[in-house]
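Please look over the structure shown here before reading on.

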Amino acid sequence: MELNDTITHDETAPAEAATASSKKVFMKTYGCQMNVYDSQRMSDALAVEGYQPTETIDEADLVLINTCHIREKAAEKVYSQLGRLQKMKKERAALGRDMMVGVAGCVAQAEGDEIIRRAPVVDLVIGPQTYHRLPDVVRKARAGEKVVETEYAVEDKFEHLPTAPRKVVRSRGVTAFLTVQEGCDKFCTFCVVPYTRGSEVSRPVAQIVAEARQLAEAGVREVTLLGQNVNAWHGEGPAGAEWGLGQLLFELAKIPGIARLRYTTSHPRDIDDALIEAHRDLDILMPYLHLPVQSGSDRILKAMNRKHTAADYLRLIERIRAVRPDIAMSGDFIVGFPGETDEDFDATMQLVREVDYAQAFSFKYSPRPGTPGADLGSHVVESVKDERLQLLQALLFKQQRDFAASLVGRELDVLVEKPGREPGQRVGRSPWLQPVIVDENAGEIGDIVTVRITKAGSNSLFSEPV
Ligand code: 5AD
Ligand code: SF4
């Protein structure tokens with residue numbers, strides 16, 4: 001799932017740490033929720049080093065860009081940002097002030113010291129598997145060294161997930177991400193993730209449960225388990241029992257205070273019986289499933305190395321809908337993969353009609369250097385990709401609107417998350433992730449309230465108290 005142009009910032013980093021000598025960090029986060037989560041962790045680690053977050057780039061002593069490499073556009077954005085920062089740094093230097101620039105995330109991992117060669121403004125480059133070394137890296141960079149930190153051992157992979165100081169956690173509000181798994185061994189032929197995030201590693205049960213408890217104690221009501229391949233998570237339960245994500249969800253559902261659970265992103269091949277049972281038996285597991293399929297054509301699915309057919313995918317959804325009829329589906333699609341014909345594209349449109357998505361993300365294929373897809377011949381011309389994307393998005397958008405419209409008049413449980421833009425309003429979330437505008441008298445932030453949906457807007461639902 002893409003969160004473009006998100007500026008992460010933490011309004012509530014511990015006040016007592018703000019001393020006259022404290023420095024400021026401005027962070028900009030691109031890409032998926034894993035990056036959002038990582039940015040929060042980096043912010044926590046830097047707070048311990050005396051760096052306060054700021055939303056004003058002009059007052060930043062350190063500008064850290066957390067990057068995404070998934071498509072060319074996302075990666076190129078980094079270099080245009082660095083160009084602007086170069087200019088800014090020069091202007092600052094003329095005033096006798098310094099500004100450090102760091103690049104983190106998947107572009108950092110993929111390009112390493114090439115970034116510093118191409119953009120000399122950069123002082124430090126740090127990959128997602130080495131964030132635990134960030135304080136050290138920043139210290140070195142402050143001493144004038146250009147630092148590139150992207151080498152890691154698999155055993156170290158979760159070192160960068162220290163337990164955050166509770167004060168910082170509480171500030172994050174009533175919803176939180178919790179990384180349970182990182183990396184991917186699936187090697188879809190279009191995807192850079194197995195190269196930038198490395199091979200699949202699962203966090204141990206005890207660590208996950210401890211972090212979830214801590215979040216709950218800090219007032220978090222909804223926890224979203226994160227992983228590039230979250231349902232490939234596996235671990236050891238009591239008495240050496242082999243656990244998958246389903247068993248983990250049952251365990252997390254026991255934690256007092258947690259009222260909602262979600263997980264993302266899943267691969268169709270890793271949905272097992274226990275996970276389907278979790279959807280059947282756990283009311284607090286939200287009826288929303290992001291399950292990318294990428295294409296509806298078996299030929300293209302094979303070329304993408306997805307290792308499932310369109311029929312496998314549809315059957316899976318049928319099984320889940322049989323036990324949880326209100327589940328809303330979300331997906332990711334790529335149009336214009338090399339060799340995609342009109343018939344292949346029609347098969348995708350057909351699959352979309354059959355599934356009826358509540359939400360979806362669709363992209364034009366972008367060849368990524370080093371992935372097998374990039375070396376395939378028969379690339380689809382850009383204008384055809386554009387045309388297909390437009391058709392697909394029109395259909396997906398219509399499904400999304402129809403789904404929202406179908407909720408008008410219904411009573412829904414909404415988790416109240418934050419104050420609204422208008423006085424007297426608060427914003428909450430439906431079970432299907434839609435923002436819902438609620439009256440402030442409906443409930444406090446953190447409450448789950450029942451409201452009646454009165455109107456479906458383009459992005460949010462409106463409601464009245466019941
Ligand atoms: N080109 C276009 N889209 C891509 N995605 C991943 N790699 C590429 C690529 N090379 C999309 C997939 C994935 C989502 C996170 O991004 O749909 O599920
Ligand atoms: Fe990329 Fe495929 Fe792994 Fe998803 S499953 S991260 S698309 S390689």
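Predicted model: local features only at pLDDT ≥ 70, side-chain atom pairs only at ≥ 80, totals over all residues.

Residues are numbered from 1 along each chain as its sequence is written, chains are lettered from A and ligands numbered from 1 in the order in which they are written, and side-chain values use heavy atoms, with hydrogens and water left out.

- Ligand 1 is surrounded by I70, R71, F190, Q294, D332, I334, F363, K364, Y365, S366 and R368.
- A polar contact is a pair of N or O atoms within 3.5 Å; within protein, one must be able to donate a hydrogen and the other to accept it, and residues adjacent in sequence count only if both atoms are side-chain atoms.
- A nitrogen atom of ligand 1 lies 2.9 Å from a backbone N or O atom of F190, and a backbone N or O atom of S366 lies 2.7 Å from a nitrogen atom of the ligand.
- From the side chain of D332, a polar atom lies 2.6 Å from an oxygen atom of ligand 1.

**Buried threonines**

- T189 is placed in the loop between β8 (181-182) and α7 (193-196), helices (H or I, at least four residues) and strands (E, at least two) being DSSP runs numbered from the N terminus.
- With a relative accessible area of 11%, T189 is buried, a term for values under 20%, whereas exposed means over 50% and partly exposed in between (1.4 Å probe, protein chains only).
- Leaving aside residues up to four places away in sequence, T189 touches A303, M304, N305, F337, T371, P372 and G373, contact meaning heavy atoms within 4.5 Å.
- A polar atom of the T189 side chain lies 2.8 Å from the backbone oxygen of A303.
- T29, in strand β1 (residues 23-29), is buried with a relative accessible area of 1%, and a polar contact of 2.8 Å joins its side chain to that of S39.

**Helices α10 and α5**

- In helix α10 (residues 273-281), the residues A274, L275, I276, A278 and H279 are buried, and what covers the buried residues of this helix includes α9 (245-252), β13 (260-264) and α12 (310-323).
- D136 lies in helix α5 (residues 134-142) and counts as partly exposed at 38% relative accessibility.

**Backbone geometry**

- Most residues other than glycine have a negative phi, and most peptide bonds are trans.
- A cis peptide bond, with omega about 0°, joins T264 and T265, and T265 lies in the loop between β13 and α10.
- A239, which is not a glycine, has a positive phi of about 55°; A239 sits in the loop between β11 (234-236) and β12 (242-244) and counts as exposed at 87% relative accessibility.
- Q294 has a positive phi near 75° and is placed in the loop between β14 (288-290) and α11 (298-303), where Q294 counts as buried at 7% relative accessibility.

How values were computed. Near = heavy atom within 4 Å.
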